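Trainee: I want to learn how to read helix packing and chain contacts in a model. Can we work through one together?

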Amino acid sequence: MKREDIGIGVGLLILSTWLFWYVGRYRVKEIYGYGPDFFPRVLAVMMAILGLSLIVNALLGNSLKMGDRIDPKGFVRMLISIAICIGYLILTNILGFATATFLFLFGLMTFLRQKGILVRLFSSVATAILVWSIFRYFLVIPLPEGLLF
Amino acid sequence: MQLELLFEAFGKVMFDPINFLFVFIGVTSGIIVGALPGLTATMGVALLIPFTFGLDPVKGLLMLLGLFSGGIYGGSISAILIGIPGTPSAAATVLDGHPLCKKGLAGKAIGMATIASFFGGTVGALIMSFLSPQIAKIALKFGPPEFFALAFFGLGIIITVSGKSILKGLISGVFGLMITTIGFDPLSGCPRLTFNSTELLGGVTFIPALIGLFGYSQVFQGIEKILILPPVKSELKNIIPKFKEIGSVFKTMVKSALMGTFIGAVPGTGCDIAAFVSYGEARRSSKNPEKFGTGILEGVAAPESGNNGATGGAMIPMLTLGVPGDAVTAVLMGALTIHNFQPGPLLFRDHPEVVYPIFAGMILAQFVMLGVGLGGARFFASLINIDRRVMTPIIFLLCVVGSYAMRFSFFDVGVSLIIGIIAYFMNYYGFPGSPILLALILGPMVEQNLRRSLIISHGDPLIFITRPISAAFIFIGIFIIITSYYRIKRAMEKEEKMASVAEKERID
């Protein structure tokens with residue numbers, strides 16, 4: 001993980017430098033210099049030291065071996081599932097929570113190659129109704145309402 | 001100790017059917033979450049918190065405590081049946097539980113795990129009930145320097161939850177502390193790092209962050225690997241062990257329960273360490289140590305009594321000092337805060353109506369766990385067989401709903417998703433999520449008390465070591481950090497040595 005650690009270390013150094021500079025705008029002198037910028041600046045310095053240590057550690061060859069690697073096809077699958085989730089969030093305001101939830105579950109199960117259509121139908125309808133009922137009648141928490149329910 | 005308050009709470013909690021129902025729901029959900037590999041008690045509690053928003057705080061907390069106890073026990077079911085610990089705390093149970101299953105004694109192993117968990121959990125809960133008020137009385141004398149020292153001591157836990165790289169654990173911890181600086185400054189009220197967003201004025205909300213760290217990240221990993229991972233199958237027969245068998249392991253259960261409780265009470269240890277230490281001690285003191293690992297009931301009773309004993313133990317520092325004992329109690333601490341109860345010594349003085357039902361609820365949860373565990377073992381075992389392609393979308397939905405329900409905000413769902421994606425990559429690059437959780441809990445306490453102390457002392461940092469309680473926490477914290485560092489380093493070296501030997505054997 002040498003290259004990754006060096007890259008992350010550099011990223012952390014940039015983040016800490018930016019934070020140290022950015023919180024300077026909150027500086028006040030009245031309370032012995034321990035104003036709103038004090039703690040973020042302490043953290044920025046700590047993060048810079050840790051980022052630098054990560055780089056040095058990697059250059060000395062002490063990085064951990066990369067364990068499980070990201071599966072490229074699986075990663076794309078994950079990104080598509082996030083896109084499905086974003087679509088679901090948009091749909092909740094148009095169709096209503098329960099209907100959109102059913103479509104989300106059914107769609108995601110189909111995308112993840114769950115073969116039995118009855119299993120997909122039953123589990124998505126049952127879960128959508130159960131969660132909707134718990135929030136609406138038991139916890140009385142408002143959920144988005146749209147054209148349906 | 002206010003014994004009358006304790007007995008009154010016991011009466012209210014034990015004999016109220018509604019309270020019983022909430023504990024029952026919590027325990028049952030906990031066992032299911034614990035039994036499903038990949039879902040931890042921490043994640044279960046995090047996902048259940050939004051369901052407690054509309055409830056009376058005590059009822060909500062009873063449900064969460066039930067889930068905590070049930071979750072730690074539930075891990076043993078999959079550990080025994082399929083050799084995969086449902087939760088990290090059940091890792092030691094695999095050693096003898098799964099060999100028992102291979103011998104056709106899975107039912108007996110689950111029965112023993114249930115009884116040992118009940119016993120350990122009850123001992124832990126009783127010790128918690130009687131010890132916590134005494135510790136809280138001492139903690140009432142704390143000022144800002146003591147609270148800062150206490151938070152420093154709590155942050156020392158980061159070392160022990162850092163996994164393979166302490167450096168990466170520390171980076172996660174500081175990153176978590178950075179997140180806590182977003183929003184209004186606690187002392188001056190100045191908005192920091194909000195980038196003109198009104199939603200960020202109150203800071204990053206705890207529950208969405210928590211669900212991102214432990215919910216979404218696991219869901220994303222599950223989706224990524226869903227077509228690669230093999231399906232799991234479980235079977236189960238004869239559950240209740242004989243009295244003679246229980247009697248033969250009773251001494252081990254008592255010892256493990258006591259050890260588990262005290263290990264759990266040390267911040268930074270937790271149920272998994274308690275289980276391994278209890279197993280190790282049972283093996284060390286056994287007349288037949290060579291039988292451990294081959295499938296004996298004592299090898300199941302020891303870790304299960306130990307890890308459930310640690311549940312009560314881990315609650316002690318969280319309730320009395322406001323420092324969580326482990327990741328699950330950190331989440332429980334967040335739940336208390338959400339219901340407007342700040343854990344710490346003042347909780348005992350200002351809200352006895354919450355503290356004592358927690359004690360009673362923890363004990364009730366053990367009895368419910370015993371009944372549900374023995375009665376429902378076959379059902380829980382069958383849940384392990386649910387297809388991941390059905391389960392993963394349902395958990396995904398619970399993450400979305402959970403992150404929305406806190407403030408009915410889609411912004412929070414977005415924050416949660418982003419934190420989930422960050423946590424997903426962090427897992428791959430060896431950065432643990434638990435230090436971020438600890439930092440989110442302790443960050444505000446560290447900042448406020450550090451600045452207050454320095455203002456009181458006119459900028460003199462010696463204030464932290466000239467006051468006895470504060471100095472004690474600082475030095476104990478440093479001691480724990482140093483010893484944990486060497487313990488982890490030794491364990492890593494041992495692991496590397498074993499891996500190189502295995503690699504050499506493979507090449508030969």
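Trainee: At what angle do H4(B) and H14(B) pack, and how far apart are their axes?

Mentor: Two packed helices are described by the angle between their axes and the distance between the axes. In this predicted model, helix H4 (residues 57–82) of chain B and helix H14 (residues 298–321) of chain B pack at about 160 degrees, with their axes 9 Å apart. That angle makes H4(B) roughly antiparallel to H14(B). Angles under 35 degrees count as roughly parallel, over 145 as roughly antiparallel, 65 to 115 as roughly perpendicular and the rest as oblique. Axes are lines fitted to C-alpha atoms, for helices over the stretch in contact, and angles run from 0 to 180 degrees between N-to-C directions. Helices (H or I, at least four residues) are DSSP runs, numbered from the N terminus.

Trainee: Which residues make the contact?

Mentor: Two residues are in contact if their C-beta atoms, placed from the backbone, lie within 7 Å. H4(B) gives Phe68(B), Ser69(B), Ile72(B), Tyr73(B) and Ser76(B). H14(B) gives Glu304(B), Asn307(B), Asn308(B) and Thr311(B). By class, three are nonpolar, five polar and one charged. Here Ala, Val, Leu, Ile, Met, Phe, Trp, Tyr, Cys and Pro count as nonpolar, Asp, Glu, Lys and Arg as charged, and the others, Gly among them, as polar.

Trainee: How do H10(B) and H20(B) pack?

Mentor: Their angle is about 170 degrees, and their axes are 10 Å apart. H10(B) is therefore roughly antiparallel to H20(B). Phe206(B), Ala209(B), Leu210(B) and Leu213(B) of H10(B) meet Ile436(B), Leu437(B) and Leu440(B) of H20(B). The residues of this contact are seven nonpolar, no polar and no charged.

Trainee: How many residues of chain B are in contact with chain A?

Mentor: 46 residues of chain B contact 51 residues of chain A. Helices giving two or more residues to the chain B side include H10(B) and H20(B). The largest share, ten residues, comes from H18(B). That side has 29 nonpolar, eight polar and nine charged residues.

Trainee: What is the average pLDDT of chain A?

Mentor: pLDDT is the predictor's confidence in each residue, from 0 to 100. Chain A averages 88, and 95% of the residues score at least 70. Where pLDDT is low, the predicted coordinates should not be read in detail.

Trainee: Which conventions apply?

Mentor: Residues are numbered from 1 along each chain as its sequence is written, while chains are lettered from A and ligands numbered from 1 in the order in which they are written. Local features need pLDDT of at least 70, side-chain atom pairs count only at pLDDT 80 or more, and totals for chains, interfaces and linings use all residues.
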